Structures are given as C-alpha cells and as structure tokens.
Amino acid sequence: MTERTIVDAHHHVWDLSVRDQDWITGPELQPLRRNFTVADLEPETRAAGVGRTVLVQTITVPEETPEFLALAEETELIGGVVGWTDLTRPDVTEELARLAAFPGGAYLRGIRHQVQGEPDPEWLLRPDVRRGLTAVATAGLVHDLIVLPHQLPACVKAAESHPELTFVLDHLGKPPIASGELGPWATHVRALAAQPNTVCKLSGMVTEADPKSWTVGDLAPYADTVLEAFGPSRLMFGSDWPVCTLAASYAQVLGAAEELTAGLSGSERAEVFSGTASRVYAL
C-alpha cells in the first residue's frame, strides 16, 4: 500500500482524567489503564501509511460523542466518528439531530451500542430498539454491531427488518479464535453476510486469539470465512487500537491483515484497506 492510502476503520481514544473507562478491570486489561490520545496514535498511523481513521465510541455516556465530534473537527487524521446514543429513548430522532448540530457534527457517520453487554440475545429486535434503528437510517447514518457470536442471529433478523440501514459488524462478531473453533459462528456470520446491507470489519482478531502466542495462521480461518462471505468490497480493515496493544503493536496488526489478504488482487486489497470504509463512512 502506498503512503497515506490506508483507512483505519476502527480505533478508540480515551482520557482517564476526563472520565473513567469502567470496562478496564482486572490484571489482563491493566496495560490499557492509561490515557490514549490522537497524539499517541498519529506516529503509528504515519509510519503505517494510514491517512484517515474512524473513531469509535467506547462507553455508553452521552458526553463522549460530542467530545469525539469536536476532536474530529480539529484533527486531520479522523475522517469520521461512530458515536453512541440511547436507541431506546423516545426522542432519538431529535437527539441524532442534536448531535449533528454540535461542533464537528458533520463527522458523525454511525451509531454503536454495546450489544455484547446486553443479557437479552435478541435486544436488537425489541420494538423500542427497532424504532431507534429506523431513526439512525433516516439520519443517514450506519449502525455498528459490537456483538458476541450467540447474538448474531438477532443481527441477521435486524438486517432483514431494516433493509434501508447499513449494519457494520465489528471484529468479525468476536469469533472464538483462541479455541480454534469455527462452529456456529461461521454459520451465523455467513447468514449475516447474505443480507446485502451488511459489511464487516477485519479487526479485533488478535485479542480474540491467544494474546501471547497468536500467529497469522491462527487468524486465517476466520479471515478467510469473512472474505468469502462478504467479499472485499464489503470488508474493511480496522486496527482496534489501543485495545490491540494487549496482543500486538499497530504495525503488527496491519501486517497481519496484509498477510491475510495477500491472495487478493491489487484492486481487491484496495477495497479492504480503503475503498469499503471510504464508501460506508462517506470519508
């Protein structure tokens, strides 16, 4: 890939002096319990040839999204923001309009909710959530899906029910890479890919594998599954920085993705590393 042609479709930032990241608990996540800023990310992206990024929400508080939008406005690197709002609130349409009116509101590209933390496997199919998803589509935004494998069937039904909305599957739907099992995940992810309004991020794999001993070979069956199911024009690279640093450096994550897609043509690789994200997030 040539200099500044790559789009990183998934990363985070946080400042613990602004607010806690209450999901960072336990010794395994301890390395993440510090600030990670755009200034920390920029040298990594510059060295990797990444020219644009998509900044994705981390916690479900209403203050974070306006902060991210303002950050995007003042930072050349960030081309779009996937924020959060409560999809179940009665005035979700008005809230999305309010977010778009904030400084940097033009950078709002999508909404994500931490569905992986919802005990109801069919949370996406609740009437109040479906009304929120309709509002997201009407606002011209996409919906990022952060789910666990057992929640994928509900994602399929949601995509069927909302053909006007683009659903973006983060981190391949978190397959059990560490165990080496393809099992029901592969069946479910293929069913999701059969919906034409879905795309997938080639992201988050190294932390679903064994963080200390993973190899590209461990990741290959899962990457091959989504490559076959979605195709390059519906697949996009994401680093998942800084969460990825639990298992790999930024350069290693990008290098693994490039190795996993080495069998594609040049134009197909350009889709995965730039074209798909640029279209889906209107960068």
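Modeller: A residue counts as buried when its relative accessible area is under 20%. The model discussed here is a predicted one.

Biologist: Is Trp14 buried or exposed?
Modeller: The cut-off for burial is under 20% relative accessible area. Trp14 has a relative accessibility of 4%, so Trp14 counts as buried.

Biologist: Which kind of aromatic pair do Trp14 and Phe36 form?
Modeller: Trp14 and Phe36 both lie in the loop between S1 and helix H1 (38–48), 22 residues apart. Phe36, at 3% relative accessibility, is buried. Planes over 60 degrees apart count as edge-to-face. The ring centres of Trp14 and Phe36 are 5.4 Å apart and the planes make 75°, which gives a pair that is edge-to-face.

Biologist: How many residues apart in the chain are Phe36 and Trp241?
Modeller: The rings of Phe36 and Trp241 have centres 5.6 Å apart and planes at 90°, so this pair is edge-to-face. Trp241 has a relative accessible area of 4% and is buried. Phe36 sits in the loop between S1 and H1, and Trp241 in the loop between S8 and helix H8 (250–260); the separation is 205 residues.

Biologist: Which residues do ring pairs link into a cluster?
Modeller: The count of aromatic pairs comes to five. Phe36 pairs with Trp14, and Phe36 also pairs with Trp241. The cluster linked by ring pairs consists of Trp14, Trp23, Phe36 and Trp241.

Biologist: Which strands stand at the edges of the sheet?
Modeller: The chain has nine helices and eight strands. Eight strands form an open sheet with parallel pairing, in the order S1-S2-S3-S4-S5-S6-S7-S8. Two of them have a single partner strand each, so one side of each lacks a neighbour in the sheet: S1 (6–11) and S8 (235–237).

Biologist: What is the average twist from one strand to the next?
Modeller: The strands concerned form an open sheet, paired in parallel. From one strand to the next, the twist averages 25°.

Biologist: Which residue in S8 is the bridge partner of Cys200?
Modeller: S7 (residues 198–202) and S8 run parallel and are joined by three bridges. In S8, the bridge partner of Cys200 is Leu235.

Biologist: What angle does the direction of helix H7 make with that of S7?
Modeller: Helix H7 (residues 216–230) packs on the sheet and touches S7 and S8. The direction of H7 makes with that of S7 an angle of about 155°.

Biologist: How many residues of the largest nonpolar core come from H7?
Modeller: The largest nonpolar core has 82 residues, and Leu124, Leu202, Trp214, Leu219 and Val226 touch the most other members. Leaving out residues up to four places away in sequence, Val226 touches Leu172, Trp185, Val189, Cys200, Leu202, Gly231 and Leu235. H7 supplies the largest share of this core, which is eight residues.

Biologist: How many residues are in the other core that lies apart?
Modeller: Val54, Val56, Val168 and Ala277 are among the members of this other core. Its count of residues is 12.

Biologist: What is the radius of gyration of the chain?
Modeller: The C-alpha atoms fill a box of roughly 45 × 40 × 40 Å along the principal axes. Of the 283 residues, 54% count as buried. A compact globule with 283 residues would have a radius of gyration near 19 Å, and the value for the chain agrees: 17 Å.

Key: Residues are numbered from 1 along each chain as its sequence is written. This is a predicted model: local features need pLDDT of at least 70, side-chain atom pairs count only at pLDDT 80 or more; totals for chains, interfaces and linings use all residues. Side-chain values use heavy atoms; hydrogens and water are left out. Two strands pair if DSSP finds at least two bridges between them. Helices (H or I, at least four residues) and strands (E, at least two) are DSSP runs, numbered from the N terminus. Axes are lines fitted to C-alpha atoms, for helices over the stretch in contact, and angles run from 0 to 180 degrees between N-to-C directions. Contact means heavy atoms within 4.5 Å. Rings of Phe, Tyr and Trp (its six-membered ring) pair if their centres lie within 6.5 Å; planes under 30 degrees apart count as stacked, over 60 as edge-to-face and the rest as tilted. Buried means under 20% relative accessible area, exposed over 50%, partly exposed in between (1.4 Å probe, protein chains only). A nonpolar core is a set of buried Ala, Val, Leu, Ile, Met, Phe, Trp, Tyr and Cys residues joined through side-chain atoms within 4.5 Å. The radius of gyration is taken over C-alpha atoms; the globule rule is 2.2 Å times the number of residues to the power 0.38.
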